[in-house]
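Please keep the sequence and the structure at hand while reading.

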Amino acid sequence: MNFINQAFEEALLAIGVSYPNPAVGAIVVKDGRIVGKGHTQVVHGPHAEVMALRDAGEAAKGATLYVTLEPCCHYGRTPPCTSAIIAAGIERVYFAHRDPNPLVFGKSEKILAEAGIVSTYVEPSPEFSRYFEAYDYFVKTKSPFVECKMAESADGFIAREDRSPVRITADMANAWTAKWRRMAEFILVGGGTALADNPHLTVRGVSGNSPCRAVFCGSQVLPSTLSLFDDPQKKTLVFSRNPQPHLEGIAEVHLLPSQDFTENWKCVLDTFASLGVHRLAVETGATLAQGILNSGLWNRFYILRSAKTLGTGLSWKTGKEPKYQKIENLGEDTLWTALNPIP
């Protein structure tokens, strides 16, 4: 059994829960068997290591701890996890990512070594190799890592001309989308997509949490009956140039200050940054995709390209798109990506 992968599976349960703290998972293993597991709780709550050690109880003594991120070693919102690891009698620690926070980077290994505990970096599997890239980016820039995604037909259309429902991608691509969604604290769509498709934007068929939801609707008025507003426990964020009084109580409306897309998009990203959101997933339609690409305020753009043709439909391309590179076959569909070399 790949125990570090098991720790990452546990970490998925912290995404959307722990921010602005990183979403971390931990596994306690003794005699080849998992005796404790945990993930980071809401801010000011216990970190993953503490949750896993509590779950293991006395079995933690002499055991091995697998954790997705280098354990913290300073007093912040909670006491240092290194102290809890030492007190529990853990003999060895494996971690899969060094914490870019200068208060932690490389320091926990020394503290644990002084207590006789060997800590070792292990390479995560390809599935989780980019798990902490958004956290690293947030620590460096104090801005969310923006990942956009769009599905298009083989002949370059993203919808029918009349916007009637059409399934563009097949099952493997849809499973990839679910795994992509679960990596983000928030997912955002444009008002046109919200009105035409009425999406739920949930994670289905894989483990992990559904991201919190947001809409960039410009001047459009959104009805309260949309599926985006079906969870009273998590109010959807709505970014609008106009008041939306009928959404009172079911959404959190943020008024946009300008007619200029880039200025408004900066305000959106500033809002997510103030919330401590590390990764923002954006499922774009034509207008939102063009606005975001023109603003330059994005990090990665994915295209799911179907083998299916539509013949005619709604195109999103203007000829100014970045250069996309094919990175994976997903059954009959293909995955393409472009990176924005912003700092």
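## Contacts of valine 93

In this predicted model, and leaving aside residues up to four places away in sequence, Val93 touches Leu65, Val67, Pro71 and Ile85, together with Leu112, Ile117, Val118, Ser119 and Thr120.

## The nonpolar cores

Val93 belongs to the largest nonpolar core, which has 38 residues, and is one of the members that touch the most others, the rest of that group being Val28, Ile85, Ile90 and Tyr131. At least two residues of this core come from each of helix H1 (3–11), strand S1 (25–30), helix H2 (48–56), strand S3 (64–67) and strand S4 (92–95). Helix H1 provides the largest share, with five residues.

## The largest pocket

The largest pocket has a volume of about 930 Å³. It is lined by 30 residues, and those closest to its centre are Lys149, Val166, Arg181, Asp197 and Glu283. By type, the lining residues of this pocket divide into 14 nonpolar, nine polar and seven charged.

Four elements each supply at least two residues of the lining, namely strand S6 (145–152), strand S7 (157–159), helix H6 (171–181) and helix H7 (191–197). Which element gives the largest share of the lining? That share, four residues, comes from H6.

Methods. Residues numbered from 1 in each chain as written. Predicted model: local features only at pLDDT ≥ 70, side-chain atom pairs only at ≥ 80, totals over all residues. Heavy atoms only, no water. 1 Å grid on protein atoms, 1.4 Å probe; cavity = no way out; pocket = protein on both sides within 12 Å on 5 of 7 lines; lining within 4 Å. Points joined across faces, edges and corners; volume = space filled by probe spheres on them. Nonpolar A, V, L, I, M, F, W, Y, C, P; charged D, E, K, R; others polar. Core = buried A, V, L, I, M, F, W, Y, C linked by side-chain atoms within 4.5 Å. Buried < 20%, exposed > 50% of the residue type's maximum accessible area, 1.4 Å probe, protein only. Contact = heavy atoms within 4.5 Å.
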